[in-house]
Structures are given as structure tokens and as C-alpha cells.
Amino acid sequence: MKKGVFYFIFLLIVSLGLFFWIFMKNRSFDSAYGQEVDISGELSGLTTSPLPGYSSKYAVVADGEEINAEQFEADTYAVIMVNNDTKECLAAHNVHKRIYPASMTKLMTGIVVCDAIEQGKLSLDEVIELDHNISFDANLSVVQSNLSKGCKISVRNLLTALMLSSYNDYAIILAERIGGSVEGFADLMNAKAKEIGATGTHFANPHGLDDLDHYTTAYDMYLIVNEASNHEILHEIDQYRSYTYSWTDANGESWDDTATATNYYLNDEATLPSNISILAWKTGTTTGAGNCLAMKVKINDSTYTMMVADSVSKTDLYAKYSILFNLAN
């Protein structure tokens, strides 16, 4: 009788201990999904509070840590630069605070597209026919192609022009093909974000136009850029300065277009130091996000992942990148 009571108490203690261990472990990885976004303060792209979860608790940059931030804190929403070989962070400013990602979003769009291709669900040579016209808010300045209902274009051309010229309608075409709808594709984007540990991120669309429910962090962009660089298709696209391709309209007539890289280092509007090569990148510009650039580069014999969300101008954005390059050198 006494032995039975002893075993019951022992099992109860073990069970309670296991319950609290699982509970505390899961709390450490609490997702930021579903939280209300508070866009406030002088910098409209920046929130006032850091996020819970994986990104702030287990990141290579501690929550609230500022590193070499004095040259960034006055006029940037967020900055990060990490040496991927040593995991040393060379620059950090607001890395765990929410920002609008703008067209940097398309890195995750490209990742999900590549996943579908690599899993055999999609082919680069597949031709998609538009079954409806794609339009955006007339009050917004939106980069869009000339495609309309009845036009036909390959997945390869859609993905390449999406990543280079940032056509927002191409993001929707791919999203509807893979996810069935923009909402369905956003679910795939969010699942992938959680898979790679980007728990401070939530996507509402595949293109990155400002939306209160569409946000990321500098640290999460570091994770997303590194993930994008793992896909050979995206790596190949990121080496192009321009890409000429064709599509056909509803009457079967063929049209040519040239997608040009929006990255100033690739279109000769800014000079890339000779010891630096670009491995992955994506720009972004919206009212809420400011001027953004996320890149993975090789500097001498090491690789670095970095992102700047600048509140001033594109010229200032690339000036901030010069500061980051100097930190690496």
C-alpha cells in the first residue's frame, strides 16, 4: 500500500516537472504572430517595443543591443551586419523592432517559389496564362508590368523579373499559381518564416506594399537573406545586371521586356569596392519602410549578411552601406 502511494507521488512529481519544462520551453519560442502592430514615433517604419520569441531571445544580437550604432541611430529605422563565418555582429541598431519590409518581402516570395520548384510542384519552364487583370490602389506608386488578362509568361521570366525589377503583379501571379490565392501564398510565406526562426515576421502579401499586418525585423531579414542564398536559382538571378525576356499577349503577339537590377551596385549608380562580391540581395522602397537594401556579400575571404532600412534617401542608404563595408575591412 505504502509502495503504491510512493510510486503515485513519484509519477505525479515527474509529470508536473515534465509539464513545466515543456511549458517554459514553448514560452521561449512564443510566436509574434497575431500581435497588433503599433507604428508610432518619428520614424513611421519603426515600433517602440521589441518582440518576444526566438529572434529576440536566441539571436546572435541580444535584445536591445546596439553595436556601432552611433552612425545609424539618427536617420535609419534598423541596421544589422553579421559575419557569417564567426557569427560576430559588427553593426546593430533596432534589430528586433518591427519594420515594414517593402520589396525585401520578395526574398521570401522567391524562397517559396524555389521550394515549390525543388519539390517538383512547379517548373521554371511552365507557362502561366493570366485569367484576370491585376490592379493596385491608384493612390500608390506601384511598379507593375504591362501584362493583362490573357497574357502568357513562363515561371522563369516571372521569377527573374520579380527579383530584378520588382514587378508587384509578378508576385501576385506566382502567389496565385502556387498558393491558390494571395492569402494562401502568404500562409506558405509565414510557415517558412517560422521554419527558419523568423518569428518576428508576418507576411500579408507577396509583394511588400505597406500593410499593418505585414512586418519583419532586421534580424529576421538576416535569416531570410541567408535562406535565399541557399537556393541556386536565386543566387543565379542575383548575379544579373539585366535580363531580357518575352511574353505573349491575348492575341498571341510576342513582346520583349528588359528587367534591370534595382540594386545601385549592379546598375552602376553606386560603386561596389573591388574586394566585395554580391551573393544575394533585394531592395525595397515604400512610404512606411523608407529605402531598404538587404544583401549577403563576400568581403575578402568572409561572407557577411547585412540590411539597412534608411529613412532619408536612396543616396543615404548606399552611404550607410559604405560605413558597413568599412567596418568589415
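**Contacts, sheet and helix packing in the predicted model**

Leaving aside neighbours within four places in sequence, Glu 66 is in contact with Glu 73, Ala 92, His 93 and Asn 94. Glu 66 sits in the loop that runs between helix 2 (54–57) and strand 1. With a relative accessibility of 37%, Glu 66 counts as partly exposed, because the range for that class lies between 20% and 50%.

Among contacts between residues at least 6 apart in sequence, 65% join residues at least 24 apart. The chain holds nine helices and nine strands, and 53% of its 329 residues are buried.

Asn 94 is buried, as its relative accessible area is 11%. Most residues other than glycine have a negative phi. Asn 94, although not a glycine, has a positive phi of about 55°. A positive phi, of about 70°, is also found at Asp 268, again not a glycine. Asp 268 lies in the loop between strand 6 (254–260) and strand 7. At 62% relative accessibility, Asp 268 counts as exposed, whereas Asn 94 is buried.

Five strands form an open sheet in the order 2-1-9-8-7, with antiparallel pairing. Strand 2 (88–93) and strand 7 (276–286) stand at the edges with a single partner strand each, so one side of each has no neighbour in the sheet. On average, and with direction ignored, neighbouring strands are turned by 5° against each other. Strands of a sheet pair through backbone hydrogen bonds, either parallel or antiparallel.

How many bridges pair strand 1 and strand 2? The two strands pair in the antiparallel sense over five bridges, with Val 79 opposite His 93 in strand 2. Strand 1 and strand 2 form a hairpin with four residues between them, and Lys 87 in the turn has a positive phi of about 65°. Although strand 2 is an edge strand, five of its six residues are buried, so strand 2 is largely enclosed by the rest of the structure.

On its other pairing, strand 1 is joined to strand 9 by seven bridges, and these two strands run antiparallel. Here Ile 80 stands opposite Met 307 in strand 9. Strand 9 is mostly covered, with nine of its nine residues buried. Both of its faces are covered: Ser 302, Tyr 304, Met 306, Val 308 and Asp 310 are buried on one side, and Thr 303, Thr 305, Met 307 and Ala 309 on the other.

Nine bridges join strand 8 to strand 9, again in an antiparallel arrangement. Among the residues involved, Lys 298 has Thr 303 in strand 9 as its bridge partner. These two strands form a hairpin with two residues between them, in which Asn 300 takes a positive phi near 55°. The walk ends with strand 7 and strand 8 (residues 290–299), which pair in the antiparallel sense over ten bridges. Thr 286 stands opposite Gly 290 in strand 8.

Helix 7 packs on this sheet, touching strand 1 (76–83), strand 7, strand 8 and strand 9 (302–310). The direction of helix 7 makes about 45° with that of strand 1.

Helix 7 (residues 218–228) also packs with helix 3 (residues 105–118), at an angle of about 40° and with the axes 9 Å apart. That angle makes helix 3 oblique to helix 7, and helix 3 passes helix 7 in a left-handed crossing. Which residues meet where helix 3 and helix 7 pack? From helix 3 come Leu 107, Met 108 and Ile 111, which meet Met 221, Ile 224, Val 225, Glu 227 and Ala 228 in helix 7. The residues of this contact divide into seven nonpolar, no polar and one charged.

Technical notes: Residues numbered from 1 in each chain as written. Predicted model: local features only at pLDDT ≥ 70, side-chain atom pairs only at ≥ 80, totals over all residues. Heavy atoms only, no water. Axes fitted to C-alpha atoms, helices over the stretch in contact; angles between N-to-C directions. Parallel < 35°, antiparallel > 145°, perpendicular 65-115°, else oblique. Left-handed = near helix turned anticlockwise from the far one by under 90°. Contact = heavy atoms within 4.5 Å. Nonpolar A, V, L, I, M, F, W, Y, C, P; charged D, E, K, R; others polar. Pairing = 2+ DSSP bridges. Buried < 20%, exposed > 50% of the residue type's maximum accessible area, 1.4 Å probe, protein only.
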